[in-house]
Structure formats: structure tokens, C-alpha cells
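Look at the model below. This report covers its nonpolar cores and its pockets.

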Amino acid sequence: MKTLKQLLEAKGGNVYSITPDARVFDALRLMADKSIGALIVMEGGRIAGIISERDYARKVILHGKSSHDLQVRDIMTSKVISVHPGQTVGECMALMTEKRVRHLPVTEGERLIGVLSIGDLVKEVIAEQRQTIEQLESYIHR
């Protein structure tokens, strides 16, 4: 099973972030423009939180609030679970399942080096399964 470092190298290192004082509307616009479901909230070069579509749905829409009137800090999740590049795809899937999160920042020390979504991990698991099946079929047909 691949490590997160290998997965990030293949995926590319685009990390999109926003500041805690930005408007929620601007965070939503950036997520829509980049076709992503979450942004890392950065303050002073450090991870301050994460804001996701789920945060928006649960903390803005359901409470009848406006994304124009709220700052990212008002709805972001400040307790961020992160992983390191040496961890495996399987370890991260288990962590995401246990903690019920869909996005994991990947950090080296204090430095953010990437973000992985549950979709990224599932895609990798499917690719690994296909490769295993192809190898087995090749072996059987010898």
C-alpha cells in the first residue's frame, strides 16, 4: 500500500487555503472554483482550522445565516486532525472512518505539504485492487 508521500507526488501538491477572517462566501467561491470540498484555514503560516462544505451546510444554512455576514473563523473546525507523509492509505482511511472526517491535511513538522480527501484514498485503493486483479489474471493465463 502506498504512503501518503507517494500519493501526493502522483496527485500534485496543490493546497488551497484561506484566512480565518475571510468571508464564508469567499471560501465557498474558492471551493467551487477549484472543485474541492474543503479549504485549510491558515493563520501566521500555521494551520488554524479547516472549512468544508459540511461546515457550511450544518453551521450556516441550517441556522438561517448568511455566508456574506460570517467569517470563516465563525464556522471552521478548529480541531484539525492531520497525518504525516509516511502513513499509508489504509491507515488514513481507518482514521477518516473513525473520526468521521473527509479531508486530512498532510504535514511535515509544522509545514503543510498537501491535503487528501476520502475520494483520493478510495481512488488509490481501487487502482491497487485493479492492479492486483490484473496480476492474478496474468498469472492464471500463463
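Leaving aside neighbours within four places in sequence, Ala27 is in contact (heavy atoms within 4.5 Å) with Ile18, Leu39, Ile51 and Val72. The model is predicted: local features need pLDDT of at least 70, side-chain atom pairs count only at pLDDT 80 or more, and totals for chains, interfaces and linings use all residues. Residues are numbered from 1 along each chain as its sequence is written, and side-chain values use heavy atoms, without hydrogens and water.

Ala27 is among the residues with the most contacts inside the largest nonpolar core, which has 14 residues. A nonpolar core is a set of buried Ala, Val, Leu, Ile, Met, Phe, Trp, Tyr and Cys residues joined through side-chain atoms within 4.5 Å. Buried means under 20% relative accessible area (1.4 Å probe, protein chains only). Helix 2 (24–34), strand 2, strand 3 and helix 4 (72–75) each supply at least two residues of this core. Helix 2 gives the most, with 3 residues.

Now the pockets. A pocket is an open set of points on a 1 Å grid over the protein atoms alone, where a 1.4 Å probe fits, with protein on both sides within 12 Å along at least five of seven lines; lining residues have an atom within 4 Å of a point. A volume is the space filled by probe spheres set on the points.

| Pocket | Volume |
|---|---|
| Largest pocket | about 400 Å³ |
| Second largest pocket | about 270 Å³ |

Of the 16 residues that line the second largest pocket, the closest to its centre are Lys11, Asn14, Tyr16, Ile36 and Val115. Strand 2 (38–43) and strand 5 (111–117) each give two or more residues to this lining. Helices (H or I, at least four residues) and strands (E, at least two) are DSSP runs, numbered from the N terminus.

Note on methods. Buried means under 20% relative accessible area, exposed over 50%, partly exposed in between (1.4 Å probe, protein chains only).
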